[in-house]
Amino acid sequence: MRSSNSNTGFVVYQDEEFGLAHDVAQDLGRPSRRLTTGDTLSALISQKATKAVVPFESDRNGYNTDALSTLLDFKDCVIKEERTNEDQYLLATPSFSINEIAQASFPGSNPAKGAFGALPVGSAAQQFYRNRVNIVYASTDAFERCTSTIDELRANGIDVRRLPEGTSAYREVLDLARRDLDPDRKVKTQVTEKGHAMISDTTAANFAKPLIGVLLPRGVAAGLTGGFNPNTGAANGSEFNSDYVVLEDGLADENKIISRFLVLERKPAPKKGGTSKPPKFTTEREKIISKLDSITAPYARILLKVDTRGEKTGDIADITDPLVAGGIKFRPIYLHERPETLPAILEIEVDMMLGATPQAKKAIGTAFERAFAKPRNHDPVLMAAYGSSSTSFSGIVMPTPQKTPWGLYAFLGVFALAMFGAIGFGVFKALSAVGLL
C-alpha cells in the first residue's frame, strides 16, 4: 500500500505509539515505530527506511543522552534537521463502553451519535459521561505532568491508578474496558440510506455501569486521524479515532508538552568518477564557517562532541571560553553512559537573523580550532550543523566584556612617577654634594 503522504518511504521513529515522534515521522513519510535508538538507526542503515526520527530533548526529561550516545556509534547516519512538536494531556474513555451505556438507555436504537470521536466540548453529553468515570489510569509521565488534575480527581472520589512503567496506556485501558463489557449483550448493524446504526439487545443494568478513563497525550488519542483542533474539540479534518471518546482536555499543569527530535538520513555514498572536487579547507575554522555561511534558516544549530575525561584530555574551558566571550549560546550535554571518556556534546546556537557576525564566526572558529588542536586529544566529532526555525534557548547571552585594567594602569603610573621622583631626588642630592648645584 502506498502512503497518502507525498513522501512514500518508511520513516522509522522511536517514541510512544502515535506519540509526538509519530506525528513528525508521518509528516516526512510513512511512520514505522521502533523501541530503541539502536533499532531505529539499524533500520535506516539497512535501507528499510529513508529517514529516522530519534528523541533529542523533552521539557520534562531533558536531553535524551541514551539516544545521543547511540548516535556516536552509527557513523553512517547524518543529522539533517531538527523538528519540534507540542502536545497536551486529555481524559478519554473507550468508545464501546459509552455505546453500551447509550444503547442500554434506548434499547433497539443507536442514539449515541458522535460517540465515535470527540463529543462537543462542554456539551451535556460530554459532562454526562464525564460524571460516570470512577477509575482513571495514568502513566508515570501523566502522573508527573497532571498533578493538579490527579489531585482533583481523587478529591472527587475517583480512583487514580498508575500504570506499570513501559505499559501502553492506549492499549491497556482498551483491554480492561473490553473485559467489563456485558457478555450477553447482542449487537447487530443495520445499513440504511442515512448510514449505519448499531442496534443492541441489552439489560437496563448496563445503563448504570461506571466508566473507566485514561489520561492520554492528545497526539495519541488523535493519532490515527491527524492533528487536534482545540477550538472545535475534534481532530483536524476528521473525528478522533474510534477507540476513544474525549471527555476533558488541557489537563497538564503546563500549557504545552514540548519535545525536540532529530531527523537522520543515511550518509550518501561517495561519487565515482566525478571530476569536480569539493573545496579543500585547511583548518577546522574554515570548515565550520563554510557550513554556517550555507545555512539560510533563522538559527544555526551545531552539535560538537568532545571528550572530557581520559589521558592527556585538555580542559573543555579551552573550547567554551571563546563561545562565552563571543556571546554564543551553548549547552554542554554530558554522556554519563560513557564514563571512560565522559563525552560532552556542545549544543551551540547562532542567531542568523542578526547575522553571523565576524565576532560570532571568530568565537566559533576559535572554539573549533582548540577542539581539534593537537595534542589536547579531545577526540572531537562534528555531529551536525543545520538550520532551525526556532531557538532552543531562553534569555539573552551577552558577550563577556573585555575589561580594560584601569586600576593596574593607575597603579603602574603612580609607581612610575614615584620611581622617577626618587631618581630625580637622588640625582639632585648627588649634584649638590659635589658642588655642582
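Student: Which residues lie nearest the centre of the second largest pocket?

Tutor: This is a predicted model, where local features need pLDDT of at least 70, side-chain atom pairs count only at pLDDT 80 or more, and totals for chains, interfaces and linings use all residues. Residues are numbered from 1 along each chain as its sequence is written, and side-chain values use heavy atoms, without hydrogens or water. A pocket is an open set of points on a 1 Å grid over the protein atoms alone where a 1.4 Å probe fits, with protein on both sides within 12 Å along at least five of seven lines; a lining residue has an atom within 4 Å of a point. Of the 15 residues lining the second largest pocket, those nearest its centre are Cys77, Val78, Ile79, Lys267 and Met383.

Student: Which strand gives the largest share of that lining, the lining of the second largest pocket?

Tutor: Strands are DSSP runs of E with at least two residues, and helices are runs of H or I with at least four, both numbered from the N terminus. Strand 5 (77-87) and strand 19 (381-388) each supply at least two lining residues. The largest share, 4 residues, comes from strand 5.

Student: How many charged residues are in the lining of the second largest pocket?

Tutor: Asp, Glu, Lys and Arg count as charged; Ala, Val, Leu, Ile, Met, Phe, Trp, Tyr, Cys and Pro as nonpolar; the others, Gly among them, as polar. The lining of the second largest pocket has 11 nonpolar and no polar residues, and its charged residues number 4.

Student: How are helix 11 and helix 12 oriented, roughly parallel or roughly antiparallel?

Tutor: Axes are lines fitted to C-alpha atoms over the stretch in contact, and angles between N-to-C directions run from 0 to 180 degrees. Helix 11 (317-325) and helix 12 (358-372) pack at about 175°, with axes 8 Å apart. Under 35 degrees counts as roughly parallel and over 145 as roughly antiparallel. The two helices are therefore roughly antiparallel.

Student: Which residues of helix 11 meet helix 12?

Tutor: Contact means heavy atoms within 4.5 Å. On the helix 12 side, the partners are Gln359, Ala363, Ile364, Thr366, Ala367, Arg370 and Ala371. On the helix 11 side, they are Asp318, Ile319, Pro322, Leu323 and Ala325.

Conventions:
Parallel < 35°, antiparallel > 145°, perpendicular 65-115°, else oblique.
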